[in-house]
Structure formats: structure tokens, C-alpha cells
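Hi everyone, thanks for coming. Please have a look at the sequence and the model on the screen, and then I'll walk you through a few places in it.

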Amino acid sequence: MRLLVLGGTHHVGRAVVKTALARGDSVTTINRGATGRPVDGAQARHADRLDPDAMAAALGTDTWDAVVDTWSGAPVAAATSARLLRGRAAHYAYVSSCSVYTWPMAVGTDEHAPVAPGDASSTSTDDYAAAKRGAELAVLENFDGDIAIARAGLILGPYEVVGRLPFWLNRVAQGGRVPAPGPRERPLQLVDARDIADWLLGSRPVGTFNTASAPGHTTIGDLLDEAQRVTGGDAQLVWVEPETVEAAGVEPWTQLPIWVPPTGELAGLHALDTSAAAAAGLRCRPVAETVRDTWAWLQDEGLPPRPGNRAGSPMDAEAEARLLALHDAGPSQP
């Protein structure tokens, strides 16, 4: 098919382009051309998505069978693209985020849960959840064909820009004692960017979907064990209980990427109801494949710069030392 990817040089967008080309699709990308890596075989066009005239010029008079949009900035850009593509594409997939749900997300959150307020015409990027929700509305209000709103959960896999799985791979590869947040049986829910690509291109779903594996697709123990295996390091995983993480003042999700405690306001991040996406054809590959391929990509290209709209950073040596010291001290005595 003829595919238009708005973006196409980072994480999900890049995975979509590579997947489409492997399928034999004809692919056009539109982005600023300022960051990321273009994919050989795609026709690259450049425009600032916040400039309607530049976008109109980049689109020309072409038509496409499908559009995939991974925009994470001001919603007005998604509104412009959706409006310009009216009558010129059959299907528009917008990759959103489960961050649009009202915080904190309850365990079992489905697509009918309350969402953050959003404005389709907003030029603000101050609030990530509001920006993603605004972009959802922008597409729904301005495009006239079939629409998929893919509210992604935790996205891993090659080309990752946030650096969650790369943090663990690089840290385990360094060796030594690595504080691993437990319990090791803690279930995880995630999605490989390439599985999003396979699904959007192969199934062309219509509707709004929580886009991730079923809860418990893997565990933090299995993921870190696989990281240890593929990196070939001599790291010793030191399993640290959630209570110790809290006492050490180390932040789940940001300083300890991927992991959140089994209870508390973050627990819902690994417990979305994803049954609708599964029924619509989403299939998630084994985590071992994601870990292996992410390590191979890191060895080949290295980690790209972290986006400026993502708060927090992974734990440093000082945070590690606090965790290990509290773990080694054992339970406090009365």
C-alpha cells in the first residue's frame, strides 16, 4: 500500500517505516529532518509540522492508503495534518499514550476511563497528557476516514529514545552489584514498537485501543535475567524490596525505568485492560526478542538523545549506593 508516516525517524515511527518497507509498501515520511535517522527506501520530505503552509507543500497533491502519526508536541500540528489529509487517505492511525487517562490510573483501566482535558487547537506542550489527548481530539475532529487511536502503554524495542530498556542493558553490561527492584516475579505489561507497527499496518484497526501486551506478559525478573544473558556481563542482580526502594528515596518508573511497585498509585501502569487491542489483532512478541534486538541496536548505533519533554532520569551511582546500603543493612531492629 501507499503509506504516509508523519515522523518516521525515531522509535515507533522508525519501526513503522522499516516494517512497511519490509512488507513491500511504498513509504513517504514527513518530518523536520533535524533529528533521528531516516530509513533508506522511504521517500523523505521535510516540513515543520507547526507550519501549515510548509505541511501543505510537503503533502503536495498525493494520496495515501494509510497514515501513521506519532506526534507528541502541540495538538495544533495534528489538527493541521488531519485537516490537510481529509479525502486523501483511507485510514489515519495516531499513536497516543495511556498517559491521557486521569491520574492515578486504576488497575484494569479500559478505553472508557476518564481522560485528561485536551484542546485540539492548543499550541502548548507543557502537559504531556493534555498534549496527547488534544492530538487525539485533533485527529477525531478533522479527519474524515477511518481512525485508530492507539493509546500505547510502555513502549520498548529498538530505536527507543526515552532510554528505559537501554538503561538496564547498559547497566547490567557494566557488571558488579546491580540493585534490581523486586519482587522478581513482579508482572510487567509492555509493547515492542515493532508490534505496534505490525498491527497498525496489517490490521488497520478502527477505534480507540489500549495498546500493550496483556498484564503479566513478562516479569521484571525475566527481563533483567535476559538482559544479563544477552550482554554477557558478570553482573550480580541484588533484589531489593519495594519498601527498601521507598526508604531510599529512589523513584519508580523514572530512576528505576520500567518498574513500578505492585501496589500504590503507579500499579495501574502495568495493569491496563488491553483486551480490545488483542481482539483487533495486536500480537506481542516474547520479551527475550525485544531485549536481544534492543541490545544489538545499541551496540550498532548507541543511544539517541533523550527527548526534552520526558521528566526524570535513571538512577545514578549515588542512588544505587543508597539502595544497596539499605538492602545490606537488612530490616531495621525495634
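**Starting from one arginine**

Leaving aside neighbours within four places in sequence, Arg 171 is in contact with Arg 177, Val 178 and Glu 320, where contact means heavy atoms within 4.5 Å. A quick word on the ground rules: this is a predicted model, where local features need pLDDT of at least 70 and side-chain atom pairs count only at pLDDT 80 or more, while totals for chains, interfaces and linings use all residues. Residues are numbered from 1 along each chain as its sequence is written, and side-chain values use heavy atoms, with hydrogens and water left out.

Back to our arginine. Arg 171 sits in helix H5, residues 164–174; helices (H or I, at least four residues) and strands (E, at least two) are DSSP runs, numbered from the N terminus. Is Arg 171 buried or exposed? Its relative accessibility is 11%, so it counts as buried; the cut-offs are under 20% relative accessible area for buried, over 50% for exposed and partly exposed in between, with a 1.4 Å probe and protein chains only. A polar atom of the Arg 171 side chain lies 2.9 Å from the backbone oxygen of Gly 175.

Now for the sheet. Seven strands form an open sheet with parallel pairing, in the order E3-E2-E1-E4-E5-E6-E11; two strands pair if DSSP finds at least two bridges between them. The edges are strand E3 (43–46) and strand E11 (207–211), each pairing on one side only. Inside the order, strand E4 (residues 64–69) and strand E5 (residues 89–97) run parallel and are joined by 5 bridges. Val 68 stands opposite Ala 93 in E5. Helix H4 (residues 128–142) packs on the sheet, touching E5 and strand E6 (146–152), and its direction makes about 165 degrees with that of E5. For that angle, axes are lines fitted to C-alpha atoms, for helices over the stretch in contact, and angles run from 0 to 180 degrees between N-to-C directions.

One more helix, H10. Among its buried residues are Trp 295 and Trp 297. After H10 comes Gly 302, with a positive phi near 80 degrees.

Finally, the whole chain. The protein chain has 11 helices and 15 strands, and buried residues make up 54% of its 334 residues. Of the contacts with a separation of 6 or more, 77% are between residues 24 or more positions apart. The C-alpha atoms fill a box of roughly 70 × 40 × 35 Å along the principal axes.

Terms used: A polar contact is a pair of N or O atoms within 3.5 Å; within protein, one must be able to donate a hydrogen and the other to accept it, and residues adjacent in sequence count only if both atoms are side-chain atoms.
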